[in-house]
Amino acid sequence: MSTPTETAPTIGRIVHYKLSGHDVSMINLESMQSFGGQGVIRSPAKLGDVLPAIITRTYEGSGTAVNLQVFLDGNHSYWATSRSQGTDHGQWSWPPRA
(Lines give C-alpha, C1' and ligand atoms only; values in the text may rest on other atoms or scores of the structure.)
Protein backbone atom coordinates (compact mmCIF):
# COMPACT_ATOMS: atom_id res chain seq x y z
CA MET A 1 0.00 0.00 0.00
CA SER A 2 1.34 3.44 -0.89
CA THR A 3 1.85 6.21 1.64
CA PRO A 4 0.48 9.74 1.11
CA THR A 5 3.95 11.03 0.13
CA GLU A 6 4.10 8.45 -2.68
CA THR A 7 0.61 9.24 -3.96
CA ALA A 8 0.31 11.31 -7.13
CA PRO A 9 -1.88 14.39 -6.76
CA THR A 10 -5.31 14.02 -8.40
CA ILE A 11 -8.26 16.35 -8.90
CA GLY A 12 -10.59 16.48 -5.90
CA ARG A 13 -8.04 15.47 -3.25
CA ILE A 14 -7.88 17.56 -0.09
CA VAL A 15 -4.41 18.81 0.89
CA HIS A 16 -2.90 21.35 3.27
CA TYR A 17 -1.56 24.62 1.85
CA LYS A 18 0.88 26.98 3.62
CA LEU A 19 0.27 30.65 2.80
CA SER A 20 3.15 32.71 1.37
CA GLY A 21 3.61 36.47 1.75
CA HIS A 22 2.26 36.98 -1.78
CA ASP A 23 -0.81 34.87 -0.96
CA VAL A 24 -1.53 36.95 2.15
CA SER A 25 -1.19 40.19 0.14
CA MET A 26 -3.60 38.94 -2.54
CA ILE A 27 -6.10 37.66 0.04
CA ASN A 28 -6.04 40.98 1.89
CA LEU A 29 -6.51 42.88 -1.39
CA GLU A 30 -9.55 40.72 -2.23
CA SER A 31 -10.93 41.37 1.25
CA MET A 32 -11.05 45.10 0.53
CA GLN A 33 -13.25 44.44 -2.50
CA SER A 34 -16.85 43.29 -2.65
CA PHE A 35 -17.51 39.54 -2.93
CA GLY A 36 -20.61 38.85 -5.04
CA GLY A 37 -22.44 41.84 -3.63
CA GLN A 38 -21.63 41.00 -0.03
CA GLY A 39 -18.65 41.95 2.06
CA VAL A 40 -15.89 39.46 2.72
CA ILE A 41 -16.11 38.05 6.23
CA ARG A 42 -13.14 35.99 7.42
CA SER A 43 -10.43 35.59 9.99
CA PRO A 44 -7.19 37.45 9.17
CA ALA A 45 -4.77 35.54 6.92
CA LYS A 46 -1.18 35.38 8.15
CA LEU A 47 2.11 34.25 6.64
CA GLY A 48 2.56 30.53 7.27
CA ASP A 49 -1.09 29.76 8.00
CA VAL A 50 -1.85 26.18 6.96
CA LEU A 51 -5.30 25.84 5.41
CA PRO A 52 -7.28 23.08 3.70
CA ALA A 53 -7.33 23.15 -0.11
CA ILE A 54 -8.75 21.03 -2.89
CA ILE A 55 -6.75 20.15 -5.99
CA THR A 56 -8.58 21.62 -9.01
CA ARG A 57 -6.03 20.82 -11.73
CA THR A 58 -2.94 18.71 -12.22
CA TYR A 59 -0.31 19.11 -14.93
CA GLU A 60 0.87 16.01 -16.76
CA GLY A 61 4.62 15.63 -16.62
CA SER A 62 5.08 18.38 -14.02
CA GLY A 63 5.54 16.15 -11.00
CA THR A 64 3.55 17.65 -8.16
CA ALA A 65 2.51 21.05 -9.61
CA VAL A 66 -1.22 21.67 -9.11
CA ASN A 67 -3.84 24.42 -8.95
CA LEU A 68 -5.69 24.71 -5.65
CA GLN A 69 -8.83 26.28 -4.23
CA VAL A 70 -7.71 27.22 -0.72
CA PHE A 71 -10.50 27.38 1.87
CA LEU A 72 -10.12 30.48 4.01
CA ASP A 73 -11.71 30.78 7.45
CA GLY A 74 -14.66 32.83 6.23
CA ASN A 75 -17.00 33.23 3.30
CA HIS A 76 -14.60 32.93 0.35
CA SER A 77 -11.64 31.00 -1.00
CA TYR A 78 -8.30 31.73 -2.69
CA TRP A 79 -7.11 30.31 -6.00
CA ALA A 80 -3.44 29.25 -5.79
CA THR A 81 -2.01 28.31 -9.20
CA SER A 82 0.97 26.16 -10.18
CA ARG A 83 1.97 25.21 -6.65
CA SER A 84 4.35 22.38 -5.87
CA GLN A 85 4.46 19.90 -3.03
CA GLY A 86 6.69 20.72 -0.07
CA THR A 87 6.83 22.28 3.38
CA ASP A 88 7.77 25.88 2.47
CA HIS A 89 5.45 28.86 2.24
CA GLY A 90 3.41 28.67 -0.97
CA GLN A 91 3.54 24.86 -1.12
CA TRP A 92 1.04 22.10 -0.43
CA SER A 93 1.41 18.86 1.53
CA TRP A 94 -0.65 15.79 2.31
CA PRO A 95 -2.51 16.02 5.64
CA PRO A 96 -1.08 13.86 8.40
CA ARG A 97 -2.88 10.58 9.08
CA ALA A 98 -5.15 10.76 12.12
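This is a predicted model: local features need pLDDT of at least 70, side-chain atom pairs count only at pLDDT 80 or more; totals for chains, interfaces and linings use all residues.

Trainee: What holds strands side by side, and how many bridges join strand 1 to strand 2?

Mentor: In general, strands of a sheet pair through backbone hydrogen bonds, either parallel or antiparallel. Here, strand 1, residues 14–18, is joined to strand 2 by five bridges, and the two run antiparallel.

Trainee: How is strand 2 paired with strand 3, and which residue is the bridge partner of R57?

Mentor: Strand 2 and strand 3 are again antiparallel, with five bridges between them. The partner of R57 is N67 in strand 3.

Trainee: And what joins strand 3 to strand 4?

Mentor: A hairpin does, passing through five residues. Strand 3 covers residues 66–71, and five bridges link it to strand 4 in an antiparallel arrangement. Look for Q69 opposite W79, and for L68 opposite A80.

Trainee: In what order do the strands lie in the sheet?

Mentor: The order is 4-3-2-1-5, in an open sheet of five strands with antiparallel pairing. At the edges are strand 4 (77–83) and strand 5 (92–93), each of which pairs on one side only.

Trainee: Now the side chains. Where do they point in a strand?

Mentor: In a regular strand the side chains alternate between the two faces of the sheet.

Trainee: Which residues touch the most other members of the largest nonpolar core?

Mentor: They are V15, Y17, L19, L68, V70 and W92, out of 17 residues in that core. Strand 1, helix 1 (21–31), strand 2, strand 3 and strand 4 each give two or more residues to this core. Click on W92 too: beyond its sequence neighbours within four places, its contacts include V15, Y17, L68 and R83.

Trainee: Let me try P52. Is P52 buried or partly exposed?

Mentor: Its relative accessible area is 37%. Buried would need a value under 20%, and exposed one over 50%, so P52 counts as partly exposed.

Trainee: Where does P52 sit, and which residues is P52 in contact with?

Mentor: P52 lies in strand 2, residues 50–58. Setting aside neighbours within four places in sequence, P52 is in contact with V15, Q69, V70 and F71. Also, the C-alpha atoms of P52 and I14 are separated by 6.7 Å, although these residues are 38 apart along the chain.

Key. Residues are numbered from 1 along each chain as its sequence is written. Side-chain values use heavy atoms; hydrogens and water are left out. Helices (H or I, at least four residues) and strands (E, at least two) are DSSP runs, numbered from the N terminus. Buried means under 20% relative accessible area, exposed over 50%, partly exposed in between (1.4 Å probe, protein chains only). Contact means heavy atoms within 4.5 Å. Two strands pair if DSSP finds at least two bridges between them. A nonpolar core is a set of buried Ala, Val, Leu, Ile, Met, Phe, Trp, Tyr and Cys residues joined through side-chain atoms within 4.5 Å.
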